[in-house]
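Work through the exercises below with the structure open. Try each task before you read its solution.

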Amino acid sequence: MIAEVIVDVAAHPIDRPFDYVVPERFRPLIEPGMRVKVPFGPRKVLGFVTGTKSESDMQQSKLKPIHELMDLVPVLNKEMLQLADWMKDETLCFEIDALQVMIPSALRAKYEKRFVLTGELTELAEPLQPYFQRKPFLRAQDAVELFGLLKTELDKGTITAETDISQKTEVKKARMVTIESSLEKLEAIEIRANARQQLKLMEFMKSHAGSTIESADLQKQSGTTLQTVTALLDKGAGTLQVTETYRSPESLADIKEKAPLSLTLEQQTAFAAVRDALGTSKTFLLHGVTGSGKTEIYLQTIDRVLKEGEEAVMLVPEISLTPQMTLRFKERFGDQVAVLHSGLSAGEKYDEWRRIQRGEVKVAVGARSAVFAPFRNLGLIILDEEHESSYKQDDAPRYHARDVALWRSRYYNCPVILGSATPSLESYARAQKGVYELLTLESRAKNQPLPEVRIVDMREELRNGNRSMFSVELAEAIREKLEKKEQIVLFLNKRGYSSFVLCRDCGTVGECPHCDISLTYHRSKEHMKCHYCGFEAQVPDICPECGSEHIRFFGTGTQKVEEEIAKLFPGARTLRMDVDTTRQKGAHERILTAFGEGKADILLGTQMIAKGLDFPNITLVGVLSADTTLHLPDFRASEKTFQLLTQVSGRAGRDVLPGTVYVQSYTPEHYAITLAKNQNYEPFYTQEMTTRRQNGYPPYFYVVNIQFTHEDLMTAGDYADQTVRFLQNNLSPGTVIIGPSASLVARVNDRYRYQCLIKYKKEPRLTETLHQLIRIHRAEWIKRGATLSIDKNPSTVM
DNA sequence: AGCACGCCGACT
DNA sequence: GTCGGCGTGCTC
C-alpha cells in the first residue's frame, strides 16, 4: 500500500505529492486527511496524506516508509482536500499552504532540533555528561555554547542529531479525582496523627464522598497540594482518571437566552426569500442601510437552518468581532455557538475548532479563517460587511473568504448571504446581472431617520484664516453637544498615521536603513521601530544629518487632535482609540465600555471606531478629514472613502435622539463625499462604475498584481521588465499590462520591489501564462535570489 | 526550505 | 595538512 503525501515544505520543487510505503501496522488506520511524520531527504517532516493507492510509479527501492501517524481521525475531510486543490489552482499557492490554512495553528508542526545519545553516557566527553544525565537527549536550543564539543561527539557517533516533530499545542487533559463514595472505607484509611495535610484533605473528602472533581480544584478547595492528594489516592481514598477537556475562554453562565425580535415587513420579505432558498446554492446580496437590522435576519435564518438539522457559518470582519457582537449570538443559540476570534490563545482556538469538528456546536462565528469551519452538514454561510478588504488574505494562500464561501455553498447546496450597507462594486454588479439575488432594506429597524450630514469645505475655512483642524461649524456643534451632555465621536480618517521622528531644523525624518519607509515612534518604549522589517533604534539626541538638538516627535494624528481638543474645549473628557491605545489585549473593549458608560464626552479614533459602535447617546459624529483615503493611489480609493463615510455616519442617532454628522474635506465636491451624505448607494454605484469602466478596473476588468523583489535594484527592475515583455507576448491584445513600476514602499528588508498589473476582461490564456511565468521563475530566477508573488484580484494595488 | 556534498582559501 | 566558506542539487 502506497500513500500520497503533501510534505510540509513550502517550495516550488516540493509542491506535489510524494509517495510513501504504508507499513503493515498503519494500513487499517491510514486515511486521506491525516497528518503523518515522514522521512524527507536527510530529515523528517510532517505531511498530509492526500490519497492512497496500491502501486507507485516510482522505483520500489526509492520509496521510504511512513514513520508515524499523527492522527487517529483525519484532521481534514474529503471536502477540505478538494477545497485545497481548488485553492491551489485559484490562488496559485503551494498545496501545503492551502492545507495548513484550514486547520488551527495548534495542529501545525513544531520542529525542534536535538542531540540524542546513542550509546552509554560514560562514552561522552566529561563536560557533556551532565547534560544527558536526566534525559538521553539535549535540545539544540539549550546547547548553543556546547556546539564545539557536540560536533566531536557527532563525528565519533556517540550522539546523533535529529529533529523532533510535535504539534504546537496538545489536547488539554484534566486530572479528575473520583472520591471514594463509601464513608466507611474512607474512615478506615489510616493517617498518622501528625500528617496534618492528609487529615485536612480527608476531612474535605469525607464531606464530598462519591463526587468527581478536578485534581487542581480539589487541591485548591481543600487547601492541600498534589503530593497530599496522591498520597491519599494511593491509600485508596479515590481514583484518578485523565480525560480530554476543553479550555473554556468564557462561561455562558451569566448569559440569558433571548427571544427573536419581531421583523419589520422589509426584514420579513428578506428573511422569507432566504428561507425559501435553503437547500439550494443561491447567493443573496443583502443590501441594508446602517441600522436596518441585518443581524436579526441573520439570527432568524440561522435558527431556521438549525431546525433543519444543519449548521451555519457566520463571518464578520475581525474588528467587528466584539464581545458585544458575539453576545447576541450566544443569547440566541447558547452553547451551540463556537466563536473563533484573534483574542483566543492557540489552545482555545483549537478547542473551539474541535467542538465544531465533533459536531458539538452548530454555529461558528468568526473572522476570515472561520470560513473553513469543519462542519459536515453546512446549511448556510453568511458574510457580514462583505465589502471589507480583510476578507482577502494578503499573504499566501491569497484567498478571499467570499470565494471560499461560494465554493462551499456549491458543495453543500446551501445559500450564502452577503450583507452590507455599502456592497463592494463587484458584488453589486453581480446582483444587477442576476447572478446574486438582491435583497434591500431601505429603512432603519427602529424607524429612526438617517442622521443629517453636513459637508464642510475646509478650503473656505483656510481662506477665512482658520488653520485649526476644526471648522468653525464643527467646533460650534461640539460645544453645543458638550453642553447638552450628549456624546461625540470624532473620526480621524487617516492611514499611515503612525507617529514619526523629525528634525525641526533640517527636516530629516527617522527612516529605516533597510526599507524605504519612516520609522514609527513608540512612546511607551521611547524608541523607533520599522513596521515592515522590525528594525529598532533609539531616538537620537541630536539629528544625525545636521547635528541639531531640535528633535520632535509627531504623534499619531489622534494625539495631535487630542491636544487641540484640550485647548479648544477645556473640561471635555476625551477617550482616544488608535493603534497606540489599543495595543494591549482587551484595551479596545475597555475603551468602548468606558465610553458606553458615559465616562467620556468625546471618543476620538481611527478606522477601528467606524464599526459596531452602538450607543444611544451619540448624537454628533465628526469626520475631521475625509480626504486622506480619497487620494490614495489605489483604484478603490473612492469606494473605500464612500464606505467609510457611510459607516461612520451610521454611528450617530441610532436611538431616540437624532444625530448629526459633519464631514470636513478639501475636496467636498467629490462624488464619494457628496453621495455618502444621504447614504445614496445607488447613485454612487452608477458613478463609480462609470469611472471603473473608463479606467478599465474591476468589476469591468479583472486585475492581477505581480510583484518582484531582489536585493539588487537593477536585477529587480530587469526581472519586472522581462516579465512585462513576456506577458505582452503571451496574453491577448485586449489585455492591458501596466508597469512595471517601483512599489509604493520601494524597498523592504533591503530588497527592492517592483510590480506590474495585468488587467483583462476575458483572458483564456491567463492560467497557462501565469503557470509558465512560475516555471520561468523556478528555472531562472530563484537561483538568482529573486522572489515572485502573484496576487489575483488583489484588495489593493498599492 | 533545509540539508549534504564538494571544492577552494586561511589557519595550526 | 585541516577547518570552514557558500555554490549546487536533491528530497518519494
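**Exercise 1. Which residues are around DNA strand B?**

Step 1. Apply the cut-off: a residue is near a strand if one of its heavy atoms lies within 4 Å of it.
Step 2. List the residues: Val9, Ala11, Ile14, Pro42, Arg43 and Lys113.
Step 3. Sort them by class. Ala, Val, Leu, Ile, Met, Phe, Trp, Tyr, Cys and Pro count as nonpolar, Asp, Glu, Lys and Arg as charged, and the others, Gly among them, as polar. The surface near DNA strand B then has four nonpolar, no polar and two charged residues.
Step 4. Turn to the DNA side. Sugar or phosphate supplies 60% of the atoms of DNA strand B within 4 Å of the protein, and bases supply the rest.

A note on the model. It is predicted: local features need pLDDT of at least 70, side-chain atom pairs count only at pLDDT 80 or more, and totals for chains, interfaces and linings use all residues. Residues are numbered from 1 along each chain as its sequence is written, chains are lettered from A and ligands numbered from 1 in the order written, and side-chain values use heavy atoms, without hydrogens and water.

**Exercise 2. Find what arginine 43 and lysine 113 reach on DNA strand B.**

Step 1. Start at arginine 43. A side-chain N or O atom there is 3.3 Å from a base nitrogen of DNA strand B.
Step 2. Go to lysine 113. Its polar side-chain atom lies 3.4 Å from a phosphate oxygen of DNA strand B.

**Exercise 3. Which residues come nearest to DNA strand C?**

Step 1. Take the 13 residues around DNA strand C; Arg16, Asp19, Gly41, Lys62 and Lys64 come nearest.
Step 2. Check the DNA atoms: 50% of those within 4 Å of the protein are sugar and phosphate.
Step 3. Count classes: eight nonpolar, one polar and four charged residues.

Definitions and conventions:
Polar contact = N/O pair within 3.5 Å; in protein donor to acceptor, adjacent residues only side chain to side chain.
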